[in-house]
Amino acid sequence: MYPDTNSITDDNPHCVETLMEFPSDLILFLRRVERVSALTGAGVSQESGLRTFRDTQSGLWAQYRPEDLATPDAFERDPKLVWDWYAFRREAVKAVRPNLGHYSLTEMEKKFPEFTLITQNVDGLHQLAGTKNVLELHGNILRVRCAVCGRFTETWGSDLDSVPRCDECDGLLRPDVVWFGESLPRLELESAVTASRRAQVFFSIGTSGVVHPAAALALAARENGSVVIEINAEPTPLTPRADFVFHGKSGEILPALVKAVWDISIQV
Ligand code: APR
């Protein structure tokens with residue numbers, strides 16, 4: 001494979017802790033590969049000002065219990081509490097912009113002949129940064145649909161005392177996100193598995209790699225001979241299985257990588 005010179009952890013000789021330094025053989029490889037997939041998580045949007053889920057202090061799950069807010073049972077039990085929590089998060093998403101990490105991935109899409117962006121994020125920031133081929137595995141918080149008939153709607157009542165209802169069937173409206181215990185959208189998941197298996201290079205960026213089935217995609221790619229590159233602020237269960245690991249902020253590492261591979265400076 002592609003041994004590297006600098007390592008930070010004994011159990012993974014290919015770890016590199018410097019932000020701007022990339023193994024020359026990796027750079028050469030990235031200049032000639034064609035099929036690339038990138039899986040992203042909440043860490044990619046952290047530098048835009050959105051909280052992640054599992055960061056010890058700042059993560060949403062450090063303050064809120066997922067079983068109270070992000071499950072069908074929670075919505076059944078207290079739909080208003082769940083609706084209001086997603087409404088608060090939706091406003092937070094609307095208030096932020098993509099960062100250099102998002103724009104770097106848009107540039108990569110232009111450079112790699114076959115590029116698939118697989119995201120767990122529900123914030124739509126990849127699309128806002130101009131990335132086209134985006135598979136949303138966990139839905140999108142900016143979309144709302146009926147919990148009964150499934151009909152999507154762009155508009156809903158502004159009565160703050162109750163959960164808005166579907167114009168067609170009067171069912172409760174809910175955010176179009178995947179809650180714990182729910183299945184992922186079949187088409188997006190199948191396309192993500194296919195793209196991961198076809199990839200010559202698979203990036204895992206800003207994700208703790210603990211939520212399945214998304215967390216299994218990197219290993220599916222690796223089993224099919226893909227070079228796996230992890231970019232994350234801290235080690236994850238994937239770290240020992242990755243071919244290259246860059247620990248730090250994706251909004252710094254991704255633009256530096258684009259600069260090193262194609263001599264392009266990413267601008268916001
Ligand atoms: N750059 C790179 N990585 C970062 C940054 C950053 N600026 N900031 C944080 N990280 C890393 C954290 O160290 C952590 O490992 O991003 C990861 C975010 O992990 P999680 O908070 O667990 O988010 P994610 O992996 O996307 O969660 C998966 O879980 O709660 C559900 O549905 C939700 O899609 C989500 C899924």
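## Helix 1 and its surroundings

Contact, as the word is used in this report, means that heavy atoms lie within 4.5 Å. The structure described here is a predicted model. By that criterion, the buried residues of helix 1 pack against strand 8, strand 9 (227-232), strand 10 (244-247) and helix 11.

The buried residues in question are L26, I27, F29 and L30. Seen down the axis of helix 1, these buried residues fall within an arc of 165°, so they line one face of the helix. S24, L28 and R32, on the other side of helix 1, are exposed.

## The packing of helix 1 on helix 11

Helix 1 comprises residues 24-32 and helix 11 comprises residues 250-262. Their axes are 9 Å apart and form an angle of about 75°. An angle from 65 to 115 degrees counts as roughly perpendicular, and helix 1 and helix 11 are therefore roughly perpendicular to each other.

Which residues form this contact? On the side of helix 1 they are I27, L30 and R31, and these meet L257, A260, V261 and W262 of helix 11. Sorted by class, the contact of helix 1 with helix 11 has 6 nonpolar residues, no polar residues and 1 charged residue.

Phi of D263 is near 55°, a positive value in a residue other than glycine. With a relative accessibility of 55%, D263 counts as exposed.

Helix 7 covers residues 100-111. At 1.5 Å a residue, its 12 residues should span 16 Å, and the end C-alpha atoms are 16 Å apart, which agrees.

Of these 12 residues, 9 are buried, so helix 7 is largely enclosed by the rest of the structure. The buried residues are G101, H102, Y103, S104, L105, T106, E107, M108 and E109. The elements that cover them include strand 2, helix 2 (43-46), strand 3, helix 8 (125-128), strand 8 and helix 11. Helix 11 is accordingly among the elements that cover helix 7, and it also packs with helix 1.

Helix 9 runs over residues 186-198. Its 13 residues should span 18 Å at 1.5 Å a residue; the end C-alpha atoms are 18 Å apart, in agreement with that value.

The buried residues of helix 9 are A192, A195 and S196. Viewed down the helix axis, they fall within an arc of 100°, so they line one face of helix 9. R186 and L187, on the other side of the helix, are exposed. The partners of the buried residues are strand 2 (35-40), strand 3 (114-119), strand 4 (134-136), strand 8 (201-205) and helix 10 (217-223).

## A buried loop residue: V33

V33 is found in the loop between helix 1 and strand 2. Its relative accessibility is 5%, and V33 therefore counts as buried, the cut-off being under 20%.

What surrounds V33? Apart from neighbours within four places in sequence, V33 is in contact with F112, P113, Q200 and V201. V33 and P113 are 80 residues apart in sequence, and their C-alpha atoms are 8.4 Å apart in space.

## Loop residues on the accessible side

P237 lies in the loop between strand 9 and strand 10. At 52% relative accessibility, P237 counts as exposed. Residues up to four places away in sequence being left out, P237 touches S208, G209 and V210.

D170 is found in the loop between strand 6 (152-153) and strand 7 (173-177). With a relative accessible area of 46%, D170 is partly exposed. Phi of D170 is near 70°, again a positive value in a residue other than glycine.

## A cis peptide bond

Where does the model contain a cis peptide bond? Such a bond joins H212 and P213, with omega at about 10°. P213 is found in the loop between strand 8 and helix 10.

Terms used: Residues numbered from 1 in each chain as written. Predicted model: local features only at pLDDT ≥ 70, side-chain atom pairs only at ≥ 80, totals over all residues. Heavy atoms only, no water. Axes fitted to C-alpha atoms, helices over the stretch in contact; angles between N-to-C directions. Helix = DSSP H or I, 4+ residues; strand = E, 2+ residues; numbered from the N terminus. Parallel < 35°, antiparallel > 145°, perpendicular 65-115°, else oblique. Nonpolar A, V, L, I, M, F, W, Y, C, P; charged D, E, K, R; others polar. Expected span 1.5 Å × (residues − 1). Buried < 20%, exposed > 50% of the residue type's maximum accessible area, 1.4 Å probe, protein only. Arc of directions from axis to C-beta.
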